[in-house]
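Biologist: I'd like to learn how to read a model like this one. Could you take me through a few features?

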Amino acid sequence: EGFTLVYDEFNRSRPEVNNVLLSALEEKLLVLPPSNNRSEYLRVNPHFRAILTSNPEEYVGVHETQDALMDRIITINIPEPDELTQQAILVQKTECDRVSAMLIVRLVRAFRSKTGAEKSSGLRSCLMLAKICQEHEIVVAAENAEFRDVCADILLSRAGISLEAATKALWEVLNEIVRDGFGNIAVMDSAPSAPALAQPTSNGIPPSTEEIAQNLAALEADAKATQPKTLRKTSVATVEPENRKPKRSNSSTIPHEPEILDYLRQTKGAKLTELEKALKLERIQAVDSLRLLVEHGKIEQRYRLYVLKEEAS
């Protein structure tokens with residue numbers, strides 16, 4: 001009837017299975033199994049279209065596409081999304097803030113570059129990192145031990161090199177972020193060398209609070225330079241100097257503040273998706289406004305539910 005066929009990952013099927021498409025695409029005839037009650041051919045509607053998606057041939061479990069089918073289709077190579085697109089996908093899919101999305105995307109890109117895995121997709125790794133950190137309230141920061149453990153669990157198994165070399169490369173990338181800020185991560189073209197960066201001490205003594213404070217200040221300065229919002233607050237404990245107080249934004253106006261506060265006052269708490277639907281906000285708008293309200297102490301998040309500060313207490 002002129003419908004469009006979407007054949008997802010068609011090259012996971014054996015080539016002989018896809019031969020049924022050859023006559024449908026070329027002669028506009030579909031060959032049917034022999035039967036006494038019907039014709040052996042079915043004429044294809046002239047408006048019929050087929051969209052076939054596939055993974056690269058180096059992926060496990062895929063087959064090489066036969067030349068006869070390639071001659072009947074137009075091939076469009078779709079590269080991996082750029083950095084800004086990946087950040088937007090992470091914000092949309094996992095509800096993380098843009099600073100966390102930026103750090104995760106740049107971390108994964110730098111790690112893939114160091115391990116020589118540029119041809120493989122890094123978006124799945126980014127989504128897994130962002131989702132786990134968001135659901136378990138893990139601070140996305142290179143100096144956070146929990147975040148480092150999650151990165152190791154997800155990224156090391158996907159590297160095409162030895163576990164020792166991959167671990168070394170991951171430590172180098174994380175230390176570069178702590179030292180220089182994630183806005184200055186270098187994307188290497190060759191395999192990792194062995195620079196003398198700070199590694200865990202043999203006696204297990206953690207870095208001093210002054211060093212951690214300097215690292216946090218470097219990350220905050222880089223975040224301000226790229227104009228995203230500050231890292232979200234979570235219940236994960238981080239080591240900070242006693243006289244260090246959280247910085248508040250100097251902005252006097254928060255987008256959509258009255259509408260959000262009125263809605264939370266009426267509903268006694270709401271999820272991000274509920275706020276988006278009720279107030280007709282885009283995901284990035286809602287996330288940014290809620291982060292600012294949390295930062296100003298007007299609302300707080302409990303189990304992915306946003307509530308007014310006075311009601312939460």
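Biologist: How many residues does helix α5 have, and how far does it reach from its first C-alpha to its last?

Modeller: Some ground rules before that. This is a predicted model, where local features need pLDDT of at least 70, side-chain atom pairs count only at pLDDT 80 or more, and totals for chains, interfaces and linings use all residues. Residues are numbered from 1 along each chain as its sequence is written, and side-chain values use heavy atoms, with hydrogens and water left out. Helices (H or I, at least four residues) and strands (E, at least two) are DSSP runs, numbered from the N terminus. The expected span of a helix is 1.5 Å times one less than its number of residues. Helix α5 covers residues 123–135, so 13 residues, and reaches 18 Å, close to the 18 Å expected.

Biologist: Which residues of α5 are buried?

Modeller: Buried means under 20% relative accessible area, exposed over 50%, and partly exposed in between (1.4 Å probe, protein chains only). In α5 that gives L123, S125, C126, L129, A130, C133 and Q134. Seen down the axis, they fall within an arc of 160°, so they line one face of the helix; the arc is that of the directions from the helix axis to the C-beta atoms.

Biologist: What does that face pack against?

Modeller: Contact means heavy atoms within 4.5 Å. The buried residues of α5 pack against α3 (83–94), α4 (98–114), α6 (145–155) and α11.

Biologist: Let's look at α11, then. Is S289 buried or exposed?

Modeller: S289, which lies in α11, is buried at 2% relative accessible area. Beyond four places in sequence, S289 touches I254, P255, H256 and I260. A polar atom of the S289 side chain also sits 3.0 Å from the backbone oxygen of Q285.

Biologist: What should I make of positive phi values?

Modeller: Most residues other than glycine have a negative phi. Here K28 has a positive phi of about 60°, in the loop between α1 (20–26) and β2 (29–31). K280 has a phi near 55°, in the loop between α10 (272–279) and α11 (283–295). K28 is partly exposed at 32%, while K280 is exposed at 76%.

Biologist: Where does pLDDT stay under 50?

Modeller: pLDDT is the predictor's confidence in each residue, from 0 to 100. The protein averages 77, but pLDDT stays under 50 over residues 187–206 and over residues 226–251. Where pLDDT is low, the predicted coordinates should not be read in detail.

Methods
A polar contact is a pair of N or O atoms within 3.5 Å; within protein, one must be able to donate a hydrogen and the other to accept it, and residues adjacent in sequence count only if both atoms are side-chain atoms.
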